[in-house]
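Dear colleague,

Please find below the structure for your files, together with its sequence. My findings follow after it.

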Amino acid sequence: WGRDGVADFLYTVADNPVLVRDGLPLRSRGFLDTLTDSASILAVFQNPASGLTTELAINCQLGGLTVKSKASFFHLGFVSSEQHPQLSAMYAALLCLVGVAIGFNLWLILDLRLHSRRTEEAIKAQDLWEVAYDIAMALLVLGFAVTAFVFSFRSERKALDFAESLAAIPFASPDVEFGPKVRSFFGSLDLLDATLAEAERVFNACFAILVLTLIRIVYATGAHPRLRVLIGSMYHAVNDLYHFALLMVVVFVFFAFTANWMFGASRTEFRDLQASLLAMFEVLMGRLPKGFEEDVHMTVMMVLCVITLFFFLRHFLLAIIMQGYLKLRREVEDNKCAQGFGTDVL
């Protein structure tokens, strides 16, 4: 837009008299000075044809010689009324599967109790833990299914309410002052933010259930001696991994703190502790910051990091895991009954 267009645009959004003085727009660089801590830009896009609403938020934190910027996208789509029958059928099938899972695990509990009475042996804690985990997972899926169904069923109405609230704002009317327009606009954005927050909660719940399901699947592979490579290796190496983790955390955080203190004001990779931890992880993976050789102090720092993190700690971790795997291999070789998984199944 150029200087005038940017100033006029910011004036219409912010309604700040400092941006326009005596009818003349100011230069855009005058909006940020040394006292500015942060700046945020929020943009909302909506496609009425597809029902997709996207919110783009750009946040900039200003401090020292660095600028930390973060852009985030939030997408919100709706399920049309024509798709409600398919949605209902899908969630009904999911609820049936959840019911089957809960019923099967309740039957397992009854079977464990009957077996314990017949053999006069106590129920193993491992068996109870597995059944309790499966029932808890089924209840989590049940709660997620109900929440997601209600949210999806009401999504079209919420999208229409947001679009109608924006369309009802009289932007072009000269009879309405600018203040009420801004309040109505941000009121509509609050409605959108609430819907996006609810969608994010549903997404996070789904992701958590997927992670818990993956843990259960990996644990279930321990049922066969030749499939329990991951579980068995971790079981044999758990004590060494615990002590290694303590050492790793101390050394890793020490290097991150040191890098942030030494280079945080001049390098964006070490602008704060979170960024420094990410940079140290990249060093652990063998990737060094660009241009580190131009600074003597950073060169020495990277050499120490590579020697300690990449060569020593990384290979110590691999050695601990391999030691656990070798112990598992000896157990499998001593097991005369276990064959290949396909052979045992057939």
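I begin with a residue in the strand region. Leaving out residues up to four places away in sequence, Thr54 touches Ala43, Val44, Phe45, Phe73, Phe74 and His75. Please bear in mind throughout that this is a predicted model. Thr54 belongs to strand β4, which spans residues 52-63. With a relative accessibility of 11%, Thr54 counts as buried, because the limit for that class is under 20%. One of its contacts, Phe73, is 19 residues away from Thr54 in sequence, and the C-alpha atoms of the two are 6.8 Å apart in space.

Overall organisation

The protein chain contains eight helices and five strands. Read from the N terminus, the order of its elements is α-β-β-β-β-β-α-α-α-α-α-α-α. Of the 346 residues in the protein chain, 26% are buried. The chain exposes about 23,100 Å², and 66% of that area is supplied by carbon and sulfur atoms. Among contacts in the chain with a separation of 6 or more, 56% are between residues 24 or more positions apart.

Ser116 is located in helix α2, which covers residues 84-119. Its relative accessibility is 18%, so Ser116 counts as buried. Apart from neighbours within four places in sequence, Ser116 is in contact with Glu121, Ala122 and Ile123.

Helix α3 runs over residues 125-167 and includes Ile135. Ile135 is likewise buried, its relative accessible area being 18%. Not counting residues up to four places away in sequence, Ile135 touches Asn105, Leu106 and Ile109. For the pair Ile135 and Leu106, the separation is 29 residues in sequence and 8.2 Å in space, C-alpha to C-alpha.

The pairing of α5 and α7

Which arrangement do helices α5 and α7 adopt? The axes of α5 (residues 229-263) and α7 (residues 296-334) come within 8 Å and cross at roughly 175°. The two helices are therefore roughly antiparallel, since angles over 145 degrees fall into that class. The residues of the contact between α5 and α7 comprise 25 nonpolar, eight polar and three charged ones.

Ser233 is a residue of helix α5. Ser233 is buried, with a relative accessible area of 4%. Its contacts, leaving out residues up to four places away in sequence, are Arg228, Gly324, Tyr325 and Leu328.

The nonpolar cores

The largest nonpolar core consists of 24 residues. Those with the most contacts inside this core are Phe255, Phe270, Met280, Met301, Met302, Cys305 and Leu309. Two or more residues each are given to the core by α5, by α6 (273-284) and by α7. Which element provides the largest share of this core? That element is α5, with ten residues.

Leu309, named above among the residues with the most contacts inside the core, touches Val251, Phe252, Phe255, Met280, Leu284 and Arg314 when residues up to four places away in sequence are not counted.

The loop between α5 and α6

Is Arg267, in the loop between α5 and α6, buried or exposed? Arg267 is buried, with a relative accessible area of 16%, because a residue under 20% is placed in that class. Not counting residues up to four places away in sequence, Arg267 touches Pro289, Lys290, Gly291, Phe292 and Met298. Between Arg267 and Phe292 there are 25 residues of separation in sequence and 9.9 Å in space, C-alpha to C-alpha.

Points to look at in the viewer

- The crossing of α5 and α7, at roughly 175°.
- Ser233 in helix α5, with its contacts to Gly324, Tyr325 and Leu328, among others.
- Arg267 in its loop between α5 and α6, with contacts that include Pro289 and Met298.
- Thr54 in strand β4, in contact with Phe45 and Phe74, among others.

With kind regards

Notes: Residues numbered from 1 in each chain as written. Predicted model: local features only at pLDDT ≥ 70, side-chain atom pairs only at ≥ 80, totals over all residues. Heavy atoms only, no water. Axes fitted to C-alpha atoms, helices over the stretch in contact; angles between N-to-C directions. Helix = DSSP H or I, 4+ residues; strand = E, 2+ residues; numbered from the N terminus. Parallel < 35°, antiparallel > 145°, perpendicular 65-115°, else oblique. Nonpolar A, V, L, I, M, F, W, Y, C, P; charged D, E, K, R; others polar. Buried < 20%, exposed > 50% of the residue type's maximum accessible area, 1.4 Å probe, protein only. Contact = heavy atoms within 4.5 Å. Areas by Shrake-Rupley, 256 points an atom, 1.4 Å probe, with all protein chains shown as cover. Core = buried A, V, L, I, M, F, W, Y, C linked by side-chain atoms within 4.5 Å.
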